[in-house]
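Here is a protein model to explore together, one question at a time. Keep the structure open and look up each part as we reach it.

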Amino acid sequence: METGKPQHPDSGDERRERKRRQILAVAREIFLRDGYAGASMSEISACVGGSKGTLYAYFASKSELFRAVLEDFLTRHEAEISGTVAGGGAPGEVLRAFSERFLEVLLRPENLALMRLVYAEAGRFPEVGQAFYDSGPANAEQHLADYIRGAVEQGYLRADTDPLLAARQMILLSQGWIHNRRLWNVTPAPSEAEIRENAHAAVRTFLAAFGA
């Protein structure tokens, strides 16, 4: 007599999701290594295993696959950033937390590599830049704009503040000089103290412009 828990084979949906994630992982490595133009669906298919027909059953084109890679990659960081503003509160503390986390996420080596890829390819392939913006920066802008809108309603910020414009300016302030210099690989990774200092400076400038 057999004992133990009954075995439940994976459902078709589970197998499909596992395969999809395998494709995304392989495609991400090839895109980062070879660039958007240099990556081919044939090579991705060969590295995943199986036919090109199988790959196209999941993603109809290279641009669709690239967008999916970006969405999967950036979504994993989105909760970290949006969580800093989700609870509301006074701008001084909330925006410092946002600024520090935002810059820390941007400076991770895998994120810098992805941005370098996008910047290199967006001139020839505008869909690459659009996919990146939609998957990452646009979401960060919207989360921050929602917080700023609430801060305006609570009287923390000027009543005439445009939430989306203010969010975009806060994001640029948060990047500061550090992000571009790391992106261009002209300085070493900043210390935690340098990131905190940049965040404090960003918030001071922001509140000087938008504080009630």
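Q: Which helix gives the largest share of the lining of the largest pocket?
A: Helix α4 does, with six residues. One thing to keep in mind is that this is a predicted model.

Q: How much space lies in the largest pocket, and which residues are closest to its centre?
A: About 460 Å³ of space lies in the largest pocket. Its lining has 26 residues, and F102, L106, G136, P137 and A140 are the closest to the centre. The elements giving two or more residues to this lining are α4 (62-82), α5, α6 (109-121), α7 (126-135), α8 and α9.

Q: What makes the space lined by K19 and I23 a cavity?
A: A cavity is space where a 1.4 Å probe fits but cannot get out. The structure holds one such space of 30 Å³ or more, and the largest cavity has a volume of about 40 Å³. Its lining is made up of K19, I23, S45, V48, G49, G50, S51, T54 and L55. Helices α1 (12-38), α2 (41-48) and α3 (52-58) each give two or more residues to that lining.

Q: Why is L95 called buried?
A: L95, found in helix α5, has a relative accessible area of 0%. Buried means under 20%, so L95 qualifies. Leaving out residues up to four places away in sequence, L95 touches L144, Y147, M170, V203 and F206. The C-alpha atoms of L95 and I171 are separated by 10.0 Å, with the two residues 76 apart along the chain.

Q: Is E141 buried or exposed, and how do you know?
A: Its relative accessible area is 11%. That value is under the 20% cut-off, so E141 counts as buried. You can find E141 in helix α8. Beyond residues up to four places away in sequence, E141 touches Y133, L164, A167, R168 and I171.

Q: What makes the pairing of E141 with Y133 a polar contact?
A: A polar contact needs a pair of N or O atoms within 3.5 Å, one able to donate a hydrogen and the other to accept it. The side chains of E141 and Y133 make such a contact at 2.8 Å. Another polar contact, of 3.2 Å, joins the side chains of E141 and R168.

Q: How do you know that the span of α10 is close to what is expected?
A: Helix α10 (residues 192-210) has 19 residues, and from its first C-alpha to its last it reaches 27 Å. The span expected at 1.5 Å a residue is 27 Å, and the helix is close to that.

Q: Why can we say that the buried residues of α10 line one face?
A: The buried residues in α10 are I195, N198, A199, A202, V203, F206 and F210. Seen down the helix axis, they fall within an arc of 130°, so they line one face. On the face turned away from this buried side sit the exposed residues E197, R204 and A208.

Q: What covers the buried residues of α10?
A: The cover includes α5 (91-106), α8 (137-153) and α9 (163-183).

Technical notes: Residues numbered from 1 in each chain as written. Predicted model: local features only at pLDDT ≥ 70, side-chain atom pairs only at ≥ 80, totals over all residues. Heavy atoms only, no water. Helix = DSSP H or I, 4+ residues; strand = E, 2+ residues; numbered from the N terminus. Expected span 1.5 Å × (residues − 1). Buried < 20%, exposed > 50% of the residue type's maximum accessible area, 1.4 Å probe, protein only. Arc of directions from axis to C-beta. Contact = heavy atoms within 4.5 Å. 1 Å grid on protein atoms, 1.4 Å probe; cavity = no way out; pocket = protein on both sides within 12 Å on 5 of 7 lines; lining within 4 Å. Points joined across faces, edges and corners; volume = space filled by probe spheres on them.
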